[in-house]
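Take a walk through this structure, one part at a time. Keep the sequence and the 3D view side by side as you read.

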Amino acid sequence: TGVCALVLLTSACTPEQMAFFRATSEPYEDVLSPDQLHTLRVCESTDNYGAVDRTGSFRGAYQFTRSTWDSVASRHFEWLVGVDPAAAEFWWQDAMARALWAESGSSPWPTCGRQVTA
């Protein structure tokens with residue numbers, strides 16, 4: 001969707017786009033702090049939102065499989081179902097990681113999740 005993130009407060013973002021992003025992502029903002037998200041992202045993808053593992057199975061900054069991405073999206077951000085995690089805007093990747101963490105804690109990230117909670 002052409003939604004702008006709060007961190008991208010530019011003239012390209014309409015008030016409606018900013019309100020939409022706030023309304024849809026706000027319930028998950030307190031799940032992980034920006035520092036915790038950064039720690040998870042660096043561990044999973046070396047802070048690369050376009051990362052794809054060598055098999056093509058794990059995608060984006062938080063190394064989602066397409067099936068996990070679609071499953072989480074279907075419950076929280078239905079317009080992201082079918083979107084390649086590695087191609088999704090960074091703010092939606094962050095929101096999806098927070099939503100999955102809210103549901104399952106660190107378990108989807110068995111190695112890197114321990115670094116976040118340590």
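Helices H3 and H4 pack with their axes 10 Å apart, at an angle of about 85°. The two helices are therefore roughly perpendicular to each other, since angles of 65 to 115 degrees count that way. From H3, the contact draws on Thr 68, Trp 69, Val 72, Ala 73, Arg 75 and His 76. From H4 come Trp 92, Gln 93, Met 96, Ala 99, Leu 100 and Glu 103. Sorted by class, the residues of this contact are 7 nonpolar, 3 polar and 2 charged. Bear in mind that this is a predicted model.

Now step back to the whole chain. It has 5 helices and 0 strands. Read from the N terminus, the elements run α-α-α-α-α. The chain holds 118 residues, and 39% of them count as buried. Take the contacts in the chain with a separation of 6 or more: residues 24 or more positions apart account for 50% of these.

H4 also meets H2. Helix H2 covers residues 34-45, and helix H4 covers residues 90-104. Their axes come within 11 Å and cross at roughly 95°. That angle makes H2 roughly perpendicular to H4. On the H2 side, the residues are Pro 34, Leu 37, Leu 40 and Arg 41. On the H4 side, they are Asp 94, Ala 97, Arg 98 and Trp 101. By class, the contact of H2 with H4 has 5 nonpolar, no polar and 3 charged residues.

Is Arg 41 buried or exposed? Its relative accessibility is 10%, so Arg 41 counts as buried, the cut-off for buried being under 20%. Leaving out residues up to four places away in sequence, Arg 41 touches Thr 46, Asp 47, Tyr 49, Ala 61, Tyr 62 and Asp 94.

Thr 46 lies in the loop between H2 and H3. Its phi is near 50°, a positive value in a residue other than glycine. Thr 46 is exposed, with a relative accessible area of 66%. Gln 63 is also found in the loop between H2 and H3. Gln 63 is not a glycine, yet it has a positive phi of about 55°. At 13% relative accessibility, Gln 63 counts as buried.

Next come the aromatic rings. A pair of aromatic rings is described by the distance of the centres and the angle of the planes. The count comes to 9 aromatic pairs. Tyr 49 is buried, and so is Tyr 62. Another pair is Phe 77 with Trp 79. Here the ring centres are 5.8 Å apart and the planes stand at 70°, so this pair is edge-to-face. Phe 77 is buried, with a relative accessible area of 0%. Trp 79, at 28% relative accessibility, counts as partly exposed. Which residues form one aromatic cluster? They are Tyr 49, Tyr 62, Phe 90 and Trp 91.

Asp 84 is found in the loop between H3 and H4. At 16% relative accessibility, Asp 84 counts as buried. Its side chain makes a polar contact with the side chain of Arg 59, at 2.6 Å. Setting aside residues up to four places away in sequence, Asp 84 touches Arg 59 and Arg 66.

Arg 66 has 41% relative accessibility, so it counts as partly exposed. With residues up to four places away in sequence not counted, Arg 66 touches Ser 57, Arg 59, Asp 84 and Pro 85. Arg 66 and Ala 86 are 20 residues apart in sequence. In space, these two are 9.7 Å apart, C-alpha to C-alpha.

Terms used:
Residues are numbered from 1 along each chain as its sequence is written. This is a predicted model: local features need pLDDT of at least 70, side-chain atom pairs count only at pLDDT 80 or more; totals for chains, interfaces and linings use all residues. Side-chain values use heavy atoms; hydrogens and water are left out. Axes are lines fitted to C-alpha atoms, for helices over the stretch in contact, and angles run from 0 to 180 degrees between N-to-C directions. Helices (H or I, at least four residues) and strands (E, at least two) are DSSP runs, numbered from the N terminus. Angles under 35 degrees count as roughly parallel, over 145 as roughly antiparallel, 65 to 115 as roughly perpendicular and the rest as oblique. Contact means heavy atoms within 4.5 Å. Ala, Val, Leu, Ile, Met, Phe, Trp, Tyr, Cys and Pro count as nonpolar, Asp, Glu, Lys and Arg as charged, and the others, Gly among them, as polar. Rings of Phe, Tyr and Trp (its six-membered ring) pair if their centres lie within 6.5 Å; planes under 30 degrees apart count as stacked, over 60 as edge-to-face and the rest as tilted. Buried means under 20% relative accessible area, exposed over 50%, partly exposed in between (1.4 Å probe, protein chains only). A polar contact is a pair of N or O atoms within 3.5 Å; within protein, one must be able to donate a hydrogen and the other to accept it, and residues adjacent in sequence count only if both atoms are side-chain atoms.
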